[in-house]
Amino acid sequence: MSDTHAESIRFVRETTLPQAEPPVAERGIYKWGRENLFATPGNALLTLIALYVIYVVLSAVLPWLLNGVWNASSLSECREILAGETGGCFAVLVDRWQQLLFGFKYPSAEYWRPALAFVLFFVAAAPVLFFDLPRKMLAFTALFPFLAYWLIWGGPVLVPVVALVGFVVGYLAYAKLVTRSFAGGFFGGIAAAAVTWIIGGFIVDWLSGPSSLLRAVPSRDLGGYMLNFMLGVTCVSLSVPFGIALALGRQSSMPLIKWVSVVFIEFIRGVPLITLLFVASVMLAYFFPPDSNVDLFLRVVIMITMFSSAYIAEVIRGGLAALPKGQYEAADSLGLDYAQAMRLIILPQALKISIPGIVNIAVGLFKDTTLVSVISMFDLVGMIRGPILASTDWNGVYWELLGFAALLFFVVCYGISQYSQWLERRLATDHR
Amino acid sequence: MTEAVKSPAQMTVSDEVAISIHKMNKWYGTFHVLRDIDLTVNRGERIVICGPSGSGKSTLIRCINALEEHQKGTIEVDGTLLSSDLKNIDKIRSEVGMCFQHFNLFPHLTILENCTLAPIWVRKTPKKEAEEIAMHFLEKVKIPDQADKYPGQLSGGQQQRVAIARSLCMRPRIMLFDEPTSALDPEMIKEVLDTMIELAEEGMTMLCVTHEMGFARQVANRVIFMDQGQIVEQNEPEEFFNNPQSPRTQLFLSQILGH
Ligand SMILES: Nc1ncnc2c1ncn2[C@@H]1O[C@H](COP(=O)(O)OP(=O)(O)OP(=O)(O)O)[C@@H](O)[C@H]1O
Ligand SMILES: [Mg+2]
């Protein structure tokens, strides 16, 4: 090395050393492996044990998966084909996929209807989930519930149209009256909507003959994963606004609203969901007018929504409590009224804090929709436990069916979880 | 502070009454925080309020825009009586701007959005126009280049100047300041005080709780000393600092100026 004057203390570098590669042991996979897998003897031992466990699991699962039988008409035929070797009997999925997805009573000629609704659901959900999309798309989101209802249940077009008109009339009445007082607008809106629905109900009865564009399918014919998905989507999207309302109600300075919210939340949280579902299936009918014959699907939606909105309310309350008082004061001092302060300042921040909690509840709710199998609704789990496992052909195919159900739920729940993490990153603006 | 500043006496004070507080009392539960407060503020006045911690300074100015309710006596702002009537409260709040010790910017909105929010939603100003107004005031507080950042990305002094701009966007006729510089590092205090001095020179009516005595001497036309929920002494700044009358004022001044 001639570029340093080794004998002197003063030092001036006269040449630039060229860029060099790090030594082999400090590069790429070697470095990663040494630092992460074999850093210490204990670490190395754990790595070896883990490798062994992975080997054991894979050596059992892989043959079962790869050697699986996809074409057979019954479990006994599967066994003949396998002739004693390990292998899953996935033929049951091929044979019964329609029942697993749509239930066993939904007319097979109409499968395209829920399938179309499923596809449109993503179009409708997109502008809500990804707010960079054009706001005009929300118009379709608003129409979607009515469209989906018509697609899935069929029957006269007028039913969802009247429902929609009722909401529009209610909103117009609200917008007109709310300038005078909020309570007037609120109850006026509800009254206007109710009147529209009652009048509309008569018109529907009077106009609709037996011929309708889409064949009517009653609620009790819905089933399979479709039922879980419908319950999950409906209840999550209803329970978030109800949860917000309850959380704000609990903070309200008006004692009546406050106590109604507190009692509701505490009561619902103290009762198991199964109990509520049994109430929905047998008792709730008593609370409605005798001839109204409220649909079981609707009753279950009401119960699950009540249940999860109580939990969501508590999560949001935590978010509200985490906001400094100064945010309320700044909003007040600028002259924003209560609704504006909540909508523009408080809720955006409180909801952002509450995202992980809300997602947690949404995922739990989605999985809890399988509990409806207990009140003899044939959702995915109900289908497996009931018609499929009870059939002589497939009696005994547990792993394949339940594994399939687990996979379907996992896909959706993992998707929700990934979305929420994306959302949290997207909303991170505090830079603290 | 800047050299070319008019002395307090040169700044105009009109005869028009901006705020009049008469025999106002406030309790927190049974604790009597404010006792028989009488105060009249004319348009264009710059009033500095000081006093020991817990003396009720914050409570007093927060009563003026109804962030706190008073229980007895009257407060009139620009001729509007402050009562539990929400219409009056909204009217007063839209005319009175307020800056807080901890800025209280909205962290989920950009600087520009912080400034345009209230004009758009409360004053119903069109978005474009609101943005022009906001940029005007951001230029005034000398941070137009930060308009698209979020509050968390700014220094404390910058945040407080944004908070001032945010209030100004509502075109208030009166500004309240509650210890606007006490959460700031010394080098940032000056930039905020300079902004406030500029406001004062333009004739803004200001009530300012602060312990910045230099600011008080330079800008205020009246200094008010509060102790135990009462106004103990008020005077012109020179007289107040050089010749305090009450022993409590003397003690307080010796404590804050003494070291
Ligand atoms: N929300 C409240 N509830 C009960 N007491 C309160 C409340 N807010 C303030 N106080 C009390 O009222 C008194 C006056 O408070 P205030 O905040 O007005 O004092 P201050 O003069 O601004 O003091 P500082 O210089 O510390 O800000 C204090 O004794 C305080 O403890
Ligand atoms: Mg204070």
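This report describes selected features of a predicted model with chains A and B.

**The contact between the chains**

Chain A contributes 21 residues to the contact and chain B contributes 23 residues. Together the two chains bury about 2,100 Å², and 61% of this area lies on carbon and sulfur atoms. Between chain A and chain B the count is 1 salt bridge. Glu329(A) forms a salt bridge with Arg62(B), with the closest N and O atoms 2.7 Å apart.

Helix α9 of chain A covers residues 224–251, 28 residues in total. From its first C-alpha to its last, α9(A) reaches 40 Å, close to the 40 Å expected at 1.5 Å a residue. A kink of about 25 degrees is found in α9(A) at Ser239(A), shortly before the proline Pro241(A).

Phe104(A) belongs to the loop between α4 (91–102) and α5 (112–129) of chain A. With 37% relative accessibility, Phe104(A) counts as partly exposed. Although 120 residues separate Phe104(A) and Gly224(A) in sequence, their C-alpha atoms are 7.7 Å apart in space. Apart from its neighbours within four places in sequence, Phe104(A) is in contact with Gln99(A), Phe378(A), Met383(A) and Pro387(A).

**Strands of chain B**

An open sheet in chain B is formed by 4 strands in the order β2-β1-β4-β5, with antiparallel pairing. Strands β2 (31–42) and β5 (80–81) of chain B stand at the edges with a single partner strand each, so one side of each has no neighbour in the sheet. Strand β4 (residues 72–77) of chain B pairs with β5(B) in the antiparallel sense over 2 bridges. Within this pairing, Thr80(B) in β5(B) is the bridge partner of Val77(B).

Strand β6 (residues 96–99) of chain B pairs in the parallel sense with strand β7 (residues 174–178) of chain B over 4 bridges. Here Val96(B) stands opposite Ile174(B) in β7(B). In a regular strand, side chains alternate between the two faces of the sheet. In β6(B), Val96(B) and Met98(B) point one way, Gly97(B) and Cys99(B) point the other way, and all are buried.

Strands β9 (residues 222–227) and β10 (residues 230–235) of chain B pair in the antiparallel sense over 5 bridges. Asn235(B) in β10(B) is the bridge partner of Val223(B). The hairpin of β9(B) and β10(B) has 2 residues between the strands, and Gln228(B) takes a positive phi near 50 degrees there.

**Salt bridges within the chains**

Over all chains the count comes to 26 salt bridges.

| Pair | N to O distance |
|---|---|
| Arg269(A) and Glu266(A) | 3.6 Å |
| Glu45(B) and Arg222(B) | 2.8 Å |
| Arg173(B) and Asp78(B) | 3.9 Å |

Glu45(B) lies in the loop between β2 and β3 (46–50) of chain B and Arg222(B) in strand β9 of chain B, so this pair ties together parts 177 residues apart in sequence. Glu45(B) is buried at a relative accessible area of 7%, and Arg222(B) counts as buried at 16% relative accessibility.

The pair of Arg173(B), in the loop between α5 (156–168) and β7 of chain B, and Asp78(B), in the loop between β4 and β5 of chain B, links distant parts of the chain, 95 residues apart. Arg173(B) counts as partly exposed at 40% relative accessibility, whereas Asp78(B) is buried with a relative accessible area of 18%.

Salt bridges that share partners join Arg250(A), Glu266(A), Arg269(A), Glu314(A) and Arg317(A) into one network. Arg269(A) and Glu266(A) are 3 residues apart in helix α10 (residues 255–269) of chain A, a separation of about one helical turn.

Terms used: Residues are numbered from 1 along each chain as its sequence is written. Chains are lettered from A and ligands numbered from 1 in the order in which they are written. This is a predicted model: local features need pLDDT of at least 70, side-chain atom pairs count only at pLDDT 80 or more; totals for chains, interfaces and linings use all residues. Side-chain values use heavy atoms; hydrogens and water are left out. The expected span of a helix is 1.5 Å times one less than its number of residues. The bend at a residue is the angle between axes fitted to the seven residues ending there and the seven starting there. Two strands pair if DSSP finds at least two bridges between them. Buried means under 20% relative accessible area, exposed over 50%, partly exposed in between (1.4 Å probe, protein chains only). Contact means heavy atoms within 4.5 Å. Buried area is the accessible area (1.4 Å probe) that two parts lose on being put together, summed over both. A salt bridge is a side-chain nitrogen of Lys or Arg within 4 Å of a carboxyl oxygen of Asp or Glu.
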